[in-house]
Amino acid sequence: MKKLSKLASVSFAGMLLLAGCSGEKEQSSGTYDENSKAEITWLNILHTASPPTDTVLDKIEEKTNTEIKFSWIPDASKEERINTALASDSLADIVTLTIMENSSVRNALKSGMFWNVEDYLDEFPNLKAISEDVRVSASIEGKLYGVPFQKDLARNGVVLRKDWLDNLGLELPKTVEELMEISKAFTEDDPDGNGKNDTTGFADRSDLIYGAFKTLSSYYGTPNIWDRDDSGNFIPEFETEGYIETMDYMKELYDNDWINKDFAVTAKTDQQQSFAQGKAGIYIGALFDAKNLQTMATGIQDNMELALVNDMVSDSNPERAIWAANNGIGGLLAFPRSEVKDEAELKRVLKFVNDLLDPEIYTLMTYGIEDVHYKLTDDGAYEIINQDLWTQEVQPFAASRPKESGYGLKDPNPIKALADEMIAENENYAVLNPAYSLESPTNTSQGSELQKLITDATYQYILGEIDLDGFKKAVKTWQDSGGNTIKEEYKAAYEQTK
């Protein structure tokens, strides 16, 4: 971070030689002063149409004792722009890396281009609070090349039409078996009372991950993509009984018309529109989608009442479990050695990131300035009072927070506030992917192609185009075409981290 060389507080007395590679904690050529004013550059992703004005930025700089210069990359072109920046070493003190599966990003991280920060986090109180699970998940080959973006660990659950349940005298489900009975009743018992056979239980979409399938599979105890046994062997989720039970469940819904028959080709927007228009009463996805569904139903289903469920189990798996998307990792804030020259500069940048996690600055980056962008309601909720101004001046910073939630800030919308509570509760039951941080060259080169074999076979089984033997044949093809090699590579990579 050459800009830090301008800091009067950074002394060069006692300059020490840097160790030349990543890994162990290194010696500093300067002296770290946490109270020094720092100039920090940040190559960041922009999720809005234009960069923010300085209104909120000035406040952040004041509270972190910094001058920040952003280079914004539009979200739509981030992969190309980041690849170019890495190839040309045109970086900044902080680089936002969100596409961790990108081979250029992974190779750059493994090459030693960025600092390994693992040994430094515990020196800063907010960074010290990053859990061991998050640190391990965000690591590559056992090294942590940046501060992890901490996302909600497990967002998913079930959204139901509470008014339909009441109309039919039904209770909220606690098991997938009870949910099946509700899907039948929502299809066959005229839950909206209009005298027409025009509703189904589930509204789902062509997505085996973020649609209903993967969340249902959690309720059957299916591992999150991979499982690892006590001997270190890796087992893909589709070789487990829970996955088969989930396929059977979806097939029963499909065979009985208790789910939209076109779910295998339905887009998310069409799925949500179907629910909002009163054509279905069960939606499985992110719990905070309930707020969007309510908004979409305004003027169409004004009597809609929603209920949320996040504690569902099954007869075969009575233990609560919910899969964690990307193990709660949204990428890294990484610090290139070409810009952050020594340990003293690294610590000052880490101090800045640590400060961004303070509640006051988190609130500033989330809601903006009180009585300008938001107001506090009588019950302590944060209500946006100028949506356009918030979008322009605050949203780019909200998308840049190193941590997504966990500060207990209350949303004024009751269903969104309930969803936030349930998502936070889900963290206690989250199922992680044990292979998330491990390297498998075969998975990198062939993983997507191999996964398509399983995805296609799963849909074919649910739609009745193949039977269980046909599905197992597809799994055998996956194993023989590289899947068994992926298993061995993950096992070897795991052994190296022990």
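Colleague: Which helices each supply at least two residues of the lining of the second largest pocket?

Modeller: A pocket here is an open set of points on a 1 Å grid over the protein atoms alone, where a 1.4 Å probe fits and protein lies on both sides within 12 Å along at least five of seven lines, and its lining residues have an atom within 4 Å of a point. Helices are DSSP runs (H or I, at least four residues), as strands are (E, at least two), numbered from the N terminus. For the second largest pocket, the elements that each give at least two lining residues are helix H5 (132-137) and helix H18 (468-497).

Colleague: How are the residues numbered, and what kind of model is this?

Modeller: Numbering starts from 1 along each chain as its sequence is written, and side-chain values use heavy atoms, with hydrogens and water left out. Local features need pLDDT of at least 70 and side-chain atom pairs count only at pLDDT 80 or more, whereas totals for chains, interfaces and linings use all residues, the model being a predicted one.

Colleague: Which element gives the largest share of the lining of the second largest pocket?

Modeller: In this pocket the lining is made of 18 residues, and those that lie nearest its centre are Val136, Ser137, Arg228, Pro434 and Ser437. The largest share of that lining amounts to 5 residues, and the element that provides them is H5.

Colleague: Is the ring pair of Phe275 and Tyr283 stacked or edge-to-face?

Modeller: Rings of Phe, Tyr and Trp (its six-membered ring) pair if their centres lie within 6.5 Å, with planes under 30 degrees apart counted as stacked, over 60 as edge-to-face and the rest as tilted. There are 25 such aromatic pairs in the structure. In the pair of Phe275 and Tyr283 the ring centres are 6.1 Å apart and the planes stand at 70 degrees, so the arrangement is edge-to-face.

Colleague: Are Phe275 and Tyr283 buried or exposed?

Modeller: Relative accessible area decides this, with buried meaning under 20%, exposed over 50% and partly exposed in between (1.4 Å probe, protein chains only). Phe275 has a value of 0% and is therefore buried. Tyr283 also comes out at 0% relative accessibility, so its class is buried.

Colleague: Which residues form one aromatic cluster with Phe213?

Modeller: The cluster takes in aromatic residues from separate stretches of the sequence numbering, and Phe213 is one of its members.

Colleague: Which residue in E10 stands opposite Val158?

Modeller: Two strands pair if DSSP finds at least two bridges between them, and 4 bridges join strand E5 (residues 156-161) to E10, in an antiparallel arrangement. Opposite Val158 stands Val309.

Colleague: Which residues of E12 are the bridge partners of Leu97 and Val147?

Modeller: Strand E12 (residues 329-334) is mostly covered, with 6 of its 6 residues buried. Strand E3 (residues 94-97) pairs with E12 in the antiparallel sense over 3 bridges, and strand E4 (residues 147-150) likewise pairs with E12 in the antiparallel sense over 3 bridges. The partner of Leu97 is Leu332, and that of Val147 is Leu333.

Colleague: What is the phi of Asp190, and what is that of Ile225?

Modeller: Asp190 lies in the loop between helix H7 (176-188) and strand E6 (200-202), and at 24% relative accessibility Asp190 counts as partly exposed. Ile225 is in the loop between helix H8 (212-219) and strand E7 (226-228), and is partly exposed with a relative accessible area of 38%. Neither residue is a glycine, yet phi is positive for Asp190 at about 50 degrees, and for Ile225 phi is near 75 degrees.

Colleague: How many Å separate the C-alpha atoms of Asp262 and Arg205?

Modeller: Asp262 belongs to the loop between helix H9 (241-255) and helix H10 (268-276), and its relative accessible area of 44% makes Asp262 partly exposed. Asp262 and Arg205 are 57 residues apart in sequence, while from C-alpha to C-alpha the distance is 8.1 Å.

Colleague: And how many Å separate the C-alpha atoms of Asn386 and Tyr374?

Modeller: Asn386 has its place in the loop between strand E14 (382-384) and helix H14 (387-393), and Asn386 is partly exposed at a relative accessible area of 34%. Asn386 and Tyr374 are 12 residues apart along the chain, and their C-alpha atoms are separated by 7.2 Å.
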